[in-house]
Structures are given as C-alpha cells and as structure tokens.
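Hello,

Here is the structure I promised to pass on to you. Please have a look at it, and then read on for what turned up.

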Amino acid sequence: MKVFFTIYVSFLLLGISGLAQPTRQGQPNVEALKVAFLTRQLELTPDEAKKFWPVHDAYQDEIEKLIKENREKRGDELELEEKLLGIRKKYKPDFVKAIGEEKFNKMLRAEREFRDMLRKELERRRAGMQQPGRPGLRQRMR
C-alpha cells in the first residue's frame, strides 16, 4: 500500500509540475505553483485530495470574484477583509469535512505563507530592476 501511495503522489506531483510550465516570457503559472505548494504542505491523501480540491476551487473562485469587484469599485479595504473572513467561515465546514480541522488551519497558514513568498519574490525582482545602471520597468516600457 505504501508503494502504491508513493507512486501515486509522485505522479500527482509530476503532473502538477507540468502545469507549472512557463506561460509567457518564462513566467511560471502561479496557480499551478500554489496547487503544488498546498499539496506538499497539507500532505493530502488521495481520498482527501479528491474531496479537498473541488471545495478549494469554489472557495478560490469566490475570493477572486470578491477581490475583482472590490478593485473595480475601489471599495473599502476593511470591508473587503470582513467579506474575506465571511467566505472563510462559510467554507470552513466543507473543508473540515474534506480534510479535518487541523489541516484546514494548516491550509490557511500555507496560503498566507505562499502569498508572502510571492510578495517577497516580486519585491526581490523589482529591487533587481532598480539597480544602478539597469533600467526600471517604467523606463523599459517607454
């Protein structure tokens, strides 16, 4: 059984890494990287993964829709945070049913960690663009 599980997880990760191929100008697909990161952090069993990902996809779609609407309306940030919390509370029972309370909390921490890693990487890249003698993004776009 352990051999089967190891092989299954290996193929799953290989498939996910295939999704993370560069999309344009050598940039990796962020969503595919997030899927791989969460899979690795949560250590999902095949049964958990089958239940988890549909719930996560619906959850993520609702969050993205809310953020897009807020951006278009230039809404209040505090109100956005309250609505995001409301979405998390709404989906918590579904996540707990799929992966349990402990992994749900671990998922929230992993998502925050992933966002922090992305933010730091963007900052690192922007800082590299602003080095003396190297044109910044705005200068290169002219």
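Leaving aside its neighbours within four places in sequence, which residues is His56 in contact with? They are Lys34, Leu38, Phe95, Met107 and Glu111. Please keep in mind that this is a predicted model.

His56 sits in helix α3. With a relative accessibility of 4%, His56 counts as buried, because the cut-off for that class is under 20%.

Helix α3 also has a part in a feature of the surface. Glu31, Asp57, Asp61 and Glu64 form a negative patch there, and helix α3, which covers residues 46-73, gives the most to that patch, with three residues. Glu64 belongs to helix α3 too. Its relative accessibility is 39%, so Glu64 counts as partly exposed. So helix α3 holds both the buried His56 and the partly exposed Glu64.

Now for the protein chain as a whole. You will find six helices and two strands in it. Starting at the N terminus, the order of the elements is α-β-β-α-α-α-α-α. The chain has 142 residues, and 25% of them are buried. Among the contacts with a separation of 6 or more, 56% are between residues 24 or more positions apart. The accessible surface of the chain is about 10,800 Å², and carbon and sulfur atoms account for 56% of that area.

Enjoy looking around!

Best wishes

Conventions. Residues are numbered from 1 along each chain as its sequence is written. This is a predicted model: local features need pLDDT of at least 70, side-chain atom pairs count only at pLDDT 80 or more; totals for chains, interfaces and linings use all residues. Side-chain values use heavy atoms; hydrogens and water are left out. Patches are made of residues with over 30% relative accessible area and no salt bridge: like charges are joined within 9 Å, nonpolar side chains (Val, Leu, Ile, Met, Phe, Trp, Tyr) within 5 Å. Accessible areas come from the Shrake-Rupley method with a 1.4 Å probe; for residues, only the protein chains shown count as cover. A salt bridge is a side-chain nitrogen of Lys or Arg within 4 Å of a carboxyl oxygen of Asp or Glu. Lys and Arg count as positive and Asp and Glu as negative; His and the chain ends are not counted. The place of a charge is taken as NZ of Lys, CZ of Arg, CG of Asp or CD of Glu. Helices (H or I, at least four residues) and strands (E, at least two) are DSSP runs, numbered from the N terminus. Buried means under 20% relative accessible area, exposed over 50%, partly exposed in between (1.4 Å probe, protein chains only). Contact means heavy atoms within 4.5 Å.
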